[in-house]
Structure formats: structure tokens, C-alpha cells
Amino acid sequence: MVIEKCLLNWGIDKLFTVTVDNASSNDVVIGYLRKIFNPRWGLVQNGKYLHMRCMAHIVNLIVVEGLKEMNKFVERVRGAARYVRQSPARLQKFKECVVVEKIECKKMLCLDVCTRWNSTYLMLDTVQNFERAFERFEEQDTNFRAELERRKGWPSVDDWTIVRDLRDFLEHFYEVTLRIFGTSYVTSNNFFDELSEIDILLRDAQLNSNVDFNVMAIKMKEKYDKYWGDIDKMNLLMFVGCVLDPRQKLKYLEFALSEMSSSEKASEMMQKLKESLYELFDEYKPSLHSICSQSSVSTHVSFSEPQQKMKRRMQALYKKRELEICGEDKTSELDKYLAEANEEFVEDFDILLWWKVNSPRFPTLSKMARDVLAIPVSTVVSESAFSTGGRVLDQYRSSLTPKIVQALVCTQDWI
């Protein structure tokens, strides 16, 4: 009800999608909004695509599932970093060890928040540079190893090797999360690329010679299939966004799906995707009456205005007759777009500029692209929601209450 009130106060009377975390409480919220907005103003496809699940949250669930299997190795390294950071004197002694070992890493030891896997990645990314410093620190601090052995244990050489491999593995997921969290560029057309990248990573990890990595990859793949393996639970609008990328279209998706799953499953997915794509296109497509009325509108005044009016009238009548004769056999704008060759894959490809340039050729599809490509595939992190967020909430998050956060942000703005 609070969300409904906010939307009404902001003058937002049409909803396409709402991107939320994959929590059961959010299902109730979406159900309420669908019930309230549909009879009042009408939703696209009667709210069929309203519920957009946050991709970053699902990636988070997949990684957390995998980290449970590798927790014993991470705990030992975390314990070593925690011991050093518990005292300024220990930290100073550790810094001296870093200098002696000639470790040039500019970062210093940091602790992670166990419930946020990306902070665990950042902790491992930093700690793995200081293995030699920890060995020297052990020689100078007699309590170091004894204290760790009483807890989770002392990190062995094998532990450090596994931690490095784990850090390299998590780096891919970390970069995927950063890319889909972006707020200054389009993300919905990249959804499938990121999805297929995760699939390839998990399949490769299952072939790893390390048994622990194999078990981790299997657990993560099970979680992956739970969310993205069931066609009926997926929001096909995410795939429509990929189709509206002129570098991909249906050809690329069909190939990638066949590589990621069985031919039967890929065929079923493509059939449902095509149905959704054409249904959405039909909703955006203007009616025959509107086409004729647009054709009869005068765009400029000339010296031979009566002749110009007659020409426009004849053109409108011709279009009407052409539609009546050809009927459904006439190649649609969507068919023409899909039949064209795909654009080349280049990193600096500007998809919004492409649709702006090609909007005269694909007027209806460009309107679809305008709406679909604006959909975020992930919720916006709180640091991005306001300009001072990065100073108020760091990457490890704080235990600040919403009231204190608001006070700090407002005070900074007033100053």
C-alpha cells in the first residue's frame, strides 16, 4: 500500500515491470500491485511480465550455496586476518613483516561480512597477497598459531592454494554482479550473455581436479537450475530484451540455448519466447485506423495544398487496400527485423543509438525497445540510490538504522 501511495504521488499511473529480490514476501507485493493497477489503468499483457526477479540476488544465492562447501578453507584464512586486526600492535608488526617480505600490495587486510559473499571475495582478494607475511608473522608472534588452532585451524599451504583458486573463480561472479548492477547503461539486453557465462563457469568447475571444487560446482549448478532451469518460472521479458539487441536476435539465442541444454528443452524455450515476442509486438502495433489517420495528417503547408491532400488520401487508401488484400501474409515489421543479419559483436556497441538511428525503419519495435531496454534486471544497490551513499554505506555495509542514514545524507546535502 505504501508503494501504491508513492506511485500515485509521483504521478506514475502505468507499470510495466517491478524488479524485486526473489523473496516470498515480494510475491505478495507483486500480486497486490497487479490486482490494484490492472483494473484501474491496465498493465502490459495484463501484468504477465510485472514480476521481474533480481538477477544479482539469484547470483548471490548461487554463490552462497557454493561457499558453504568451501567454508572450512575460508574460515582459516579469515581467522588469520581477524587475529592480526584485533590489535593495533599486531597490525603494526604485520605491516613490518609485509615490508621485510617486499610485498608491494597497496591494500591492507580487511574483514568480510559473512552474509555478503562479495565482501568475502574482496577479503580473499586482499589476504591471498600476504601469505609470506603471515608465515613471518607466525615466527614473531608465538600466540598466533596456537590461538588459531584453538579456533578453526591454521591455514596450510594447500588452504592458500585453494583460496587463490576460489578467489579466481569468484572473480567472474563478482564482475557479473557489478555489470548487472549498472545504472548508467542498459542491462536487460546483456541478461542472457551473463546467464550463459555462469553456466559455462559451473560446467568447467565440475571438471576441476580438486574434489572440493567439484562438490561446490555441483551444489551451485543445482541452485542455478532451480531458478533458471524451469521455463515456466522465468520471466520471458528478459529474453525479449536480448532479442531486441541487434547483435543477438533469435538466431544467437537459439544457438546458445542448444549449447546450454538439451535440444528438446531449447526448442520448447524458443517456442515460448517467440509466442511472447509476437504477443508483445501485437500489443504495441498500432491499429489500422490509427495508421490511416496518421497518414492523413498534414505535415506541412505547400502552394499546392489540395493536390497534396489528394496524394495523402490516395496513399492512405492504398495502404488500407494493401492490408486488406495481404492480410496476415504480409511480412510484419518484426519479421523484417529478425530476418536481417545480426550486427557484429563489438564492446563499445551503443544499442540505444542503434535504435534511435533505425527507429524510422522499425517504428513499433523502437517503442518496444524503448520500454523493454529500460527495465533493470537487478535492483539498485543503496549506494547508487543517492550521491553520498558511498560515503555513508561502505562496501561492507554498516549497521546504521534507516533514520540515521537519512540524517547523514540530508546533513551532507545541507552542508
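Student: How many disulfides does a search of the whole structure find?

Tutor: In general, a disulfide is a covalent bond between the sulfur atoms of two cysteines. In this predicted model, the search over the whole structure returns zero disulfides.

Student: How many helices and strands does the chain have, and what share of its residues is buried?

Tutor: The chain has 22 helices and two strands, and buried residues make up 43% of its 415 residues. Of the contacts with a separation of 6 or more, 74% are between residues 24 or more positions apart. The chain exposes about 23,500 Å², of which carbon and sulfur atoms supply 53%.

Student: How should I read the aromatic pairs, and how many does the count come to?

Tutor: One reads the distance between ring centres together with the angle between the planes, and by this rule the count comes to 20 aromatic pairs. One of them is formed by Phe94 and Phe134, a tilted pair with 4.8 Å from centre to centre and 50° between the planes. This pair links distant parts of the chain, since Phe94 belongs to helix 5 (residues 88-100) and Phe134 to helix 7 (residues 131-140), 40 residues apart. Both Phe94 and Phe134 are buried, and both belong to one aromatic cluster that also includes Tyr83, Phe130, Phe137, Phe144, Trp154 and Trp160.

Student: What arrangement do Tyr252 and Phe345 form?

Tutor: Tyr252 and Phe345 form a tilted pair, with 5.3 Å centre to centre and 50° between the planes. Tyr252 lies in helix 13 (residues 249-260), while Phe345 is in the loop between helix 17 (333-339) and helix 18, so the pair ties together parts that are 93 residues apart in sequence. Tyr252 is partly exposed, with a relative accessible area of 24%, and Phe345 is also partly exposed, at 45%.

Student: Which ring does the charged end of Arg90 sit over, and which ring does that of Lys249 sit over?

Tutor: The charged end of Arg90 sits over the ring of Tyr83, 3.8 Å from its centre, and Tyr83 is one of the members of the aromatic cluster described above. The charged end of Lys249 sits over the ring of Tyr337, at 4.5 Å from the ring centre.

Student: Is Thr364 buried or exposed, and why?

Tutor: Thr364, whose place is in helix 19 (residues 363-372), counts as buried because its relative accessibility is 7%, under the 20% cut-off. Leaving aside neighbours within four places in sequence, Thr364 is in contact with Phe281, Tyr284, Lys285, Pro286 and Glu333.

Key: Residues numbered from 1 in each chain as written. Predicted model: local features only at pLDDT ≥ 70, side-chain atom pairs only at ≥ 80, totals over all residues. Heavy atoms only, no water. Phe/Tyr/Trp six-rings, centres within 6.5 Å; stacked < 30°, edge-to-face > 60°. Helix = DSSP H or I, 4+ residues; strand = E, 2+ residues; numbered from the N terminus. Buried < 20%, exposed > 50% of the residue type's maximum accessible area, 1.4 Å probe, protein only. Lys NZ or Arg CZ within 6 Å of the ring centre and 35° of its normal. Contact = heavy atoms within 4.5 Å. Areas by Shrake-Rupley, 256 points an atom, 1.4 Å probe, with all protein chains shown as cover. Disulfide = S-S within 2.5 Å.
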